Amino acid sequence: MRHFFLLIITLFVPCLTVSAQVVLMPGDYADPSVLKDGEDYYVTHSPFHYQPGFLIWHSRDLLHWEPVCRVGSTWSGSAWAPDLQKVGDTYYIYFPASETNWVITAKNIRGPWSAPIDLKIGGIDPGLVVTPEGKRYLFTNGGQVTPLTPDGLARAGQTEKVYKGWEYPHEWQTECMCLESPKLTWHDGYYYMTSAEGGTAGPATSHMAVCARSKSISGPWENSPYNPIVHTYSADEKWWSKGHGTIVEGPDGQWWIIYHAYNKKAYSLGRYTLMEPIEWTRGGWYRPVKDMPLPEAGTLPSLSDDFAGSQLGWQWTGWKENIRSWATVGKDGLSLPGKGSSPKDGRLMLITATDEQYTVEVEVCVPKKNGEAGLLLFYDEKAFAGVSSDGKNFKVYQDAEHSIEKPNTIGRCFRIRLENKCDHLDILVSRDGNVWQTLAEKINIADFHHNRYRGFIALRPAIYSGGIAPSQFKHFSYQSSDKHYN
């Protein structure tokens, strides 16, 4: 009988529960963790292998966001699914990496942040909760919870399983049960746990956000009658794999759920940060709000950079190394020492693209010998496209395994332009930025994404420096061809 009831809901829910969204951060801003700190809001996301690590954003209205700082990374491997919290006068970021969970702390959100502390707690996707009595607990995937010491910096007892998740209809097409991302909220006498289920990617309908509540950390946990709170019901929808939600009260008392999802028209861009309204029922549950006029989010700061400041811009990260240890900027632009012999093992400096169609351009000067440089769209060592040169030849990469060489008749200094036209890439070079030579057209980059190459990351514009000697870069620009996110 229960499965029959769920099947009936499955048939009718799509036309009842598909909601409109506000796009807060287009591009690869996955696993958002949102903190309300008085009148201020902060959010951070998964840094994965990009370093330095966590980029923290600030807002006063949940709509207009500015970067605050990047938290330096001294851990190894990929870090993801953070939980940004404040307890007393201290900020915390809990996160998994290298098969354990870590915590870093700061008295000021802008830093300095502490070195990572190994909590020696397994699992992923940590979520901190502090009881009204001040006791601290860390939830992780699979419905697990571990008590912490009063300072939140170490385990204080054994891990136990207290929640088994919400049983969604078995007819739904998902990756797996994958009970993850527990985010805890204390509200009117209950702990509300917002979790993810269904798997992060895979089928368009995989992911979701569900709610359960309890008056005790150890349960019993009661599932919401409004589950799933967020879900993609059909591949016809614009937003795929919606899930990994956190609820937060806005400045005017309106509550929201903030989560991530893929734009089906630009899957290679990664998971956007989205927001939609929720409301509290008389029965003490939260649920999506229908037919509510939605505000428009502000645009993010420009990604262009003239490299003329005293330090590297907020938008830049390195691939598996902290690029701020290598890059120098000033009146002569960016100097980036080389590494490796190709983009597979070279030094990379990347930004997060925010548009379905965009153009990136940069001026490059390579050394007389022992160096090469270029501009790429880079997913990982197995998936990238673009062009590099040693001053004698241009090497055009259609993907990581296929490249062709063409004579460089321009010389050691040249401009590169990459035009991403809805996952079809054109590559152009120029001596002066006025007359352009096309090296390649319509390279298909549509499958440079997680479902083929794994990693949960995204295709990003990247400056590349190879060899030993440093290359010079000036006048990097990123121009959108489409700003219509909603």
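Predicted model: local features only at pLDDT ≥ 70, side-chain atom pairs only at ≥ 80, totals over all residues.
The model's local features need pLDDT of at least 70 and side-chain atom pairs count only at pLDDT 80 or more, while totals for chains, interfaces and linings use all residues. Residues are numbered from 1 along each chain as its sequence is written, and side-chain values use heavy atoms, with hydrogens and water left out.

**Exercise 1. The largest pocket**

Find how much space lies in the largest pocket, and which strands line it.

Solution. 
- Start with the term. On a 1 Å grid over the protein atoms alone, a pocket is an open set of points with protein on both sides within 12 Å along at least five of seven lines, whereas a cavity is a set of points where a 1.4 Å probe fits but cannot get out; lining residues have an atom within 4 Å of a point.
- Next comes the volume: the largest pocket holds about 550 Å³ of space. Here grid points are joined across faces, edges and corners, and the volume is the space filled by probe spheres set on the points.
- Now look at the lining. It has 21 residues, and Leu35, Gln85, Leu184, Thr185 and Trp186 are the closest to the pocket centre.
- Then assign elements. Strands are DSSP runs of E with at least two residues, numbered from the N terminus. Two or more lining residues come from each of S2 (33–37), S7 (83–87), S11 (127–130), S15 (180–187) and S20 (239–249). S7 gives the most, with five residues.
- Finally, sort by class: twelve nonpolar, four polar and five charged residues. In this count, Ala, Val, Leu, Ile, Met, Phe, Trp, Tyr, Cys and Pro are nonpolar, Asp, Glu, Lys and Arg are charged, and the others, Gly among them, are polar.

**Exercise 2. A hairpin and its neighbour**

Work out how S26 is joined to S25 and to S37.

Solution. 
- S25 (residues 328–330) and S26 (residues 333–336) run antiparallel with three bridges. They form a hairpin with two residues between them, and Gly330 stands opposite Gly333.
- S26 is also joined to S37 (residues 471–480) by three bridges, again antiparallel. There, Ser335 has Gln472 as its bridge partner.

**Exercise 3. Salt bridges**

Are Glu237 and Lys242 buried or exposed, and which residues join Glu361 in a network of salt bridges?

Solution. 
- A salt bridge is a side-chain nitrogen of Lys or Arg within 4 Å of a carboxyl oxygen of Asp or Glu. The structure holds 22 of them.
- Buried means under 20% relative accessible area, exposed over 50%, and partly exposed in between (1.4 Å probe, protein chains only).
- Glu237 and Lys242 have their closest N and O atoms 3.8 Å apart, and both residues are buried.
- Arg415 and Glu361 meet at 3.0 Å, N to O. Arg415 lies in S33 (residues 413–421) and Glu361 in S28 (residues 357–365), so this pair ties together parts that are 54 residues apart in sequence. Both residues are buried.
- The network links Glu361 with Glu363, Arg415, Arg417, Glu419, Lys421 and Asp426.
- For contrast, take Lys120 and Asp118, at 3.9 Å. Lys120 is exposed, at 60%, and Asp118 is partly exposed, at 30%.

Terms used: Helix = DSSP H or I, 4+ residues; strand = E, 2+ residues; numbered from the N terminus. Pairing = 2+ DSSP bridges.
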